Amino acid sequence: GRVLRVGSAPRRSLNVAAFTVRSRLLPTGAAALLCSARLQTSRRQSPDWKGPAENYPEGTLTCISPPSFPPQSYLNHKLGTMLQGIKLVWRTYQQLLTKHPWKVQILTAGSTCGISDIISQQLIERRGLTDHSIKRTIKMTTVGLIYVGPILCKWYKYLDQLVVGKSKAAVFKKMLLDQFALAPCFLAGFIVVTGVLGGLSREKICLKLEKNYTSALMSNYTIWPAAQLLNFYFIPLKNRLAVVQIVALMWNTYLSWMANRA
């Protein structure tokens with residue numbers, strides 16, 4: 001920051017309200033208080049501290065101005081650029097989804113499962129980078145690619161053919177079928193598939209089902225019924241799996257932790 005040297009003056013001149021140069025260097029009251037506080041602190045920490053301002057020779061008092069912040073127009077420009085980037089990514093995703101719906105939806109599910117496992121290991125289990133299991137992340141990504149993505153893609157398409165329309169009654173029927181026909185079987189299959197890919201024996205997989213299945217299913221019912229009601233009502237079929245994956249990022253983080261705990 002800039003350094004301002006101020007000549008000797010009566011003690012009242014050190015008061016922020018009477019600091020004569022603050023209007024030029026310190027545009028806000030908060031910045032003026034910061035400048036004054038830094039002035040007093042630097043003086044007291046100095047080995048040459050002599051007490052009141054009157055005891056200092058002229059030209060020895062210093063005040064370090066606070067760092068300048070970017071103007072609002074600069075921040076608005078950066079925010080606009082960021083939003084434009086997000087729109088470009090979403091537009092590109094939509095174009096790819098239109099051309100290759102099956103592949104893109106499966107890749108989306110696989111990527112979400114992999115990212116969820118990274119979040120689980122780093123934020124929940126706090127393994128750190130040195131203890132991070134890359135093998136486990138690859139395994140969870142594979143589960144998304146070969147199990148989560150294909151099943152949900154087919155299921156949402158079948159559900160739209162089975163229950164036609166977007167009325168409130170139709171949406172409610174879709175949610176009931178999704179949560180009480182698919183979810184129990186899907187969750188059990190998820191635990192089995194992760195166990196098989198993890199090299200567990202049949203006995204250990206059965207123990208995991210016995211230990212984790214009921215609590216995971218109850219947790220499912222606290223999140224997904226409301227999420228699926230909104231998904232079925234507002235989101236077109238081709239975007240349904242992608243939107244679900246936003247909620248699934250949190251849900252898959254829980255599933256990754258649950259499926260891989262001892």
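Trainee: How many disulfides does this predicted model have, and what makes a pair count as one?

Mentor: The count comes to 0 disulfides. A pair of cysteine sulfur atoms must lie within 2.5 Å to qualify.

Trainee: What rules apply to the rest of the model?

Mentor: It is a predicted model, so local features need pLDDT of at least 70 and side-chain atom pairs need pLDDT 80 or more, while totals for chains, interfaces and linings use all residues. Residues are numbered from 1 along each chain as its sequence is written, and side-chain values use heavy atoms, leaving out hydrogens and water.

Trainee: Why is Cys113 called buried?

Mentor: Its relative accessible area is 2%. Buried means under 20%, exposed over 50%, and partly exposed in between (1.4 Å probe, protein chains only). So Cys113 is buried. Cys153, at 9%, is buried by this rule as well.

Trainee: How much of the chain is buried?

Mentor: Buried residues make up 36% of its 262 residues.

Trainee: Which helices and strands does the chain have, and in what pattern?

Mentor: The chain has 8 helices and 2 strands. These are DSSP runs numbered from the N terminus: helices are H or I with at least four residues, strands E with at least two. Along the sequence the pattern reads β-α-α-β-α-α-α-α-α-α.

Trainee: What makes a set of residues a nonpolar core, and which members touch the most others here?

Mentor: The members must be buried Ala, Val, Leu, Ile, Met, Phe, Trp, Tyr or Cys, joined through side-chain atoms within 4.5 Å. The largest such core holds 31 residues. Tyr147, Val148, Leu152, Tyr156 and Phe190 touch the most other members. Helices H4 (101–124), H5 (134–162), H6 (168–197), H7 (202–234) and H8 (237–260) each supply at least two residues of this core. H5 gives the largest share, 9 residues.

Trainee: What is Val148 in contact with, beyond its neighbours within four places in sequence?

Mentor: Ala109, Cys113, Val143, Phe186 and Phe190. Contact means heavy atoms within 4.5 Å. Of the chain's contacts with a separation of 6 or more, 70% join residues 24 or more positions apart.

Trainee: How do you know that Asp117 and Arg136 form a salt bridge?

Mentor: Their closest N and O atoms are 2.6 Å apart. A salt bridge needs a side-chain nitrogen of Lys or Arg within 4 Å of a carboxyl oxygen of Asp or Glu. The pair therefore passes. Asp117 sits in helix H4 and Arg136 in helix H5, 19 residues apart. Both are buried.

Trainee: Are Glu125 and Arg127 buried or partly exposed?

Mentor: Glu125 has 26% relative accessible area, so it is partly exposed. Arg127, at 32%, is partly exposed too. Their side chains meet in a salt bridge of 3.0 Å, N to O. Asp117, Glu125, Arg127 and Arg136 are linked in a network of salt bridges.

Trainee: What makes Asp160 and Arg240 a salt bridge, and which parts does the pair tie together?

Mentor: Their N to O distance is 2.8 Å. Asp160 lies in helix H5 and Arg240 in helix H8, so the pair ties together parts 80 residues apart in sequence. Arg240 is buried, at 3%, whereas Asp160 is partly exposed, at 22%.

Trainee: How many salt bridges does the whole structure hold?

Mentor: The search finds 5.
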